[in-house]
Amino acid sequence: MISRRNFIKKSSLGLGFFALPASSKFIYSEDYVSKRPAISQRKFISEAVERTIKDIKKSIADRELAWMFENCFPNTLDTTVKFYYKNNKSYTYVITGDIDAMWLRDSSAQVYPYLNLANEDEKLKNLLKGVINKQVACVLLDPYANAFFDDASKISEWKDDSTQMKPGIHERKWEVDSLCYVMRLSYNYWKTTHDTSVFDADWKKAMFLILQTFTEQQRKHSKGPYHFQRSNGNPLDTQFAGGFGNPTKKIGLIHSMFRPSDDATFYPFLISSNMFAVVSLRQTAEIFSTVLKDETSSDQFKGLAKEVDEAIQKYAVLNHPEAGKIYALEIDGFGNALFMDDANVPNLLSIPYLGYASKDDAVYQNTRKFSLSKANPWFSEGKFAKGIGGPHIGEHKIWPLGLIMQALTTDDDEEIISCLKMLKATHAGTGFIHESFDVDNPKDFTRSWFAWANTLFGELILHLHKTKPEILKRKF
């Protein structure tokens, strides 16, 4: 057995983690012309966002990094939003990019970095409010679905899935994090703008439905109403045991049939998503208590959060033979566990970003070292980058989402700089962030239009501008 000290030395964090990736300037021309659509073709224009782009660009010494920020940060507004009013209520439909459907997770993450600008721009504030209203409508349609259409007459390519499909649903993969993202956006919109008008009767009904769904998926008394199978031959797209997943011991955790990558879970207790649920339930409890003055309902949300949190600490902190005491990604309650990390958020790397534990937490630190090492089966290292990927795309490809999250969850300047260098070296000359790329050939990438990754990159640059502006004054 390798000792924990030797594990750290042998991991990428201990051996040349900050080695420079191959520079993109050697394989791509330095042509930093904006890749944004023409003004007349942009879906939504925010004056506050435009001012921010100009201001932040001035603070970035590296021309290529500044160019990437200009392209990526407004990408969601430029290309993916449809804003409208219906019955005197604002709605915002947000597609992922190259897929014409609205994921609850992606849509929340795509607009999240604009929250801090909402008080400077009433139009932007209404757009954000519209996202919340649209998400509420989606949850009320089906809390188990992960992706929706704006046009209910549109026929999904997944219409033949073995589950209860309804008009308006694109895909019905049950993912705990989908509902967490809805709660997260509502809470942070309120904390930023102090606007409580979104907490109307529909919003309250949706929150109670989320609470009911989470409780159903603890499966204490039955398997619940949800099952899912798909017959396309991809094992990551379907579930075991008649669509209910592998057996579990009922320990208070919430079953999630799919990960935030939309891949099937192997053990149904997905720990990173249960952590997200703990945070989101507590945030929603605060809204019910502080805004709605409903202590009884607040206590229900807090009670479930407490139960899930206690189960995580009791059952999900396990000893890894190399990494020591860490969080497993998935467990079944019987003692079986899956030791890996996936780049999609929420993942184990993102624990402090989610607000579940601090960056300095000892178990998180061990888990982080595991995630960013070759002990993680989905960690890859090549000529241009090293980082976390996942089974969704396969081996030797890593996800920029993982590199961005790595930079967002450390205070180490050199680690952040290393991540920025890798992001620069792997955009394949496009100026945008992709879903994944081959570690030895960034031109081999997936999804040229993936707004979540683009906007999260913008969020990273805003974070650095606020917390570590000296890093942006460097040239890489």
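**Exercise 1.** In this predicted model, determine which lysine lies over the face of Trp190 and at what distance from the ring centre.

**Exercise 2.** Classify the ring pair of Phe83 and Tyr85 as stacked, tilted or edge-to-face.

*Solution.* The count of aromatic pairs comes to 21. For Phe83 and Tyr85 the ring centres are 5.3 Å apart and the planes stand at 75°, so the pair is edge-to-face, given that planes over 60 degrees apart fall in that class. As for accessibility, Phe83 has a relative value of 29% and therefore counts as partly exposed, while Tyr85, at 52%, counts as exposed.

**Exercise 3.** Work out where the buried residues of helix H2 are placed around its axis, and which helices they pack against.

*Solution.* Helix H2 spans residues 47-59, and its 13 residues reach 19 Å from the first C-alpha to the last, close to the 18 Å expected. Its buried residues are Ala48, Val49, Thr52, Ile53 and Ile56. Because they cover an arc of only 135° around the axis, they lie on the same side of H2. An α-helix has 3.6 residues a turn, so residues three or four places apart point the same way. The buried residues pack against helices H3 (63-72), H4 (75-79), H6 (122-141) and H15 (451-467), whereas Glu47, Lys54 and Lys58, on the other side of H2, are exposed.

Methods:
Residues numbered from 1 in each chain as written. Predicted model: local features only at pLDDT ≥ 70, side-chain atom pairs only at ≥ 80, totals over all residues. Heavy atoms only, no water. Helix = DSSP H or I, 4+ residues; strand = E, 2+ residues; numbered from the N terminus. Expected span 1.5 Å × (residues − 1). Buried < 20%, exposed > 50% of the residue type's maximum accessible area, 1.4 Å probe, protein only. Arc of directions from axis to C-beta. Contact = heavy atoms within 4.5 Å. Phe/Tyr/Trp six-rings, centres within 6.5 Å; stacked < 30°, edge-to-face > 60°. Lys NZ or Arg CZ within 6 Å of the ring centre and 35° of its normal.
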